[in-house]
Amino acid sequence: MVSTTLNAFRIVGEKGAPEPAALPGRPSYFSVTGLSVSYNGRAALRDVTLTIPERSITAIVGPSGCGKSTFLSCLNRLDEMTPGCMVDGRIIADGQDIHASTVDLGALRKQIGMIFQRPNPFPLSIRANLTFALRHHGLHDRARLEHEVETALQAVGLWAEVKDRLDAPALGLSGGQQQRLCLARALALQPAALLLDEPCSALDPIASGVVEDLIASLGQRYTVVIVTHNLAQARRIADEVAVFWSSGEGGWLAEHGATRAVFEAPQTQIAQHYISGSRG
């Protein structure tokens with residue numbers, strides 16, 4: 001059983017922080033205001049205010065220890081699985097306060113899926129990795145389950161590779177195939193958003209390229225937020241980039257904007273130094 005600590009939130013108005021505005025012509029999916037996070041009293045993030053547009057790819061970049069993964073885990077409340085985690089701020093997802101008393105955590109994490117740095121398929125068959133989650137959310141009709149399995153595997157380009165061995169152990173797949181299976185598992189639940197925490201960093205260059213191409217293709221259908229240390233990858237696939245930084249007392253948002261603008265004409269000295277490679 002996982003220990004949890006309930007997070008403490010304050011109303012935005014009490015802090016006097018402005019509501020973040022969506023970028024022109026781009027309705028927001030996530031709207032984050034005044035987000036601060038600490039673990040056992042030690043600051044991890046400080047006062048992050050950021051909007052993330054729907055059906056787009058937003059890359060979170062910055063040096064190690066600046067709170068990128070912490071920020072990501074807050075977007076579907078996985079932060080609550082870490083003992084001693086305390087959060088202050090407000091997060092709106094698709095118009096709903098994710099910390100409202102009426103929010104169902106299972107439904108929230110179905111709507112906002114998470115893919116981790118290292119592939120984490122269940123120690124089950126390839127088929128069962130998909131049907132387990134679908135059954136958990138109420139789908140039991142065998143024909144529909146088989147259809148959803150094929151559809152999800154087709155979506156990640158894995159069907160042709162595994163259709164003749166669906167009952168084989170998922171852990172027997174290559175690293176890149178396992179990561180695509182984890183993506184298929186998330187997509188089978190028909191989410192609106194996907195959170196990706198360095199999904200290519202544990203893969204070899206060829207497998208990484210396959211997964212990166214897959215992620216790039218998802219941006220028109222899903223709201224994708226990806227944490228990556230690979231600036232070239234962020235530049236290739238992201239519509240927007242958020243540069244996080246740390247001064248030793250918790251990470252914070254240094255700059256956010258359209259990818260081309262941030263890479264070609266950064267507005268802050270921190271972003272200039274980080275993107276040029278002279279810092280971080």
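The model is predicted: local features need pLDDT of at least 70, side-chain atom pairs count only at pLDDT 80 or more, and totals for chains, interfaces and linings use all residues. Residues are numbered from 1 along each chain as its sequence is written, and side-chain values use heavy atoms, with hydrogens and water left out.

Start with helix α11, residues 269–276. Helices are DSSP runs of H or I with at least four residues, strands are runs of E with at least two, and both are numbered from the N terminus. Ala271, Tyr274 and Ile275 of α11 are buried. Buried means under 20% relative accessible area, exposed means over 50%, and partly exposed lies in between (1.4 Å probe, protein chains only). Why do these residues share a side of α11? They cover an arc of only 95° around the axis, so they sit on the same side. That arc is taken from the directions running from the helix axis to the C-beta atoms. Gln269 and Ser276 are exposed, on the face turned away from the buried side.

The buried residues of α11 pack against β3 (57–61), α9 (231–237), β9 (240–246), β10 (251–258) and α10 (259–264). Contact here means heavy atoms within 4.5 Å.

The strands run antiparallel and are joined by seven bridges. Strands pair if DSSP finds at least two bridges between them. Phe244 stands opposite Leu253 in β10.

Now the pockets. On a 1 Å grid over the protein atoms alone, a pocket is an open set of points where a 1.4 Å probe fits, with protein on both sides within 12 Å along at least five of seven lines; lining residues have an atom within 4 Å of a point. The largest pocket has a volume of about 640 Å³. A volume is the space filled by probe spheres set on the points, which are joined across faces, edges and corners. The lining has 22 residues, and Arg109, Met114, Phe122, Arg185 and Leu189 are the closest to the centre. Two or more lining residues come from each of α3 (105–111), β6 (112–115), α4 (126–136) and α7 (175–188).

The second largest pocket holds about 190 Å³. Of its 13 lining residues, Arg42, Ala43, Ala44, Gly65 and Gly250 lie nearest the centre. Strand β2 (residues 42–53) gives the most to this lining, with three residues.
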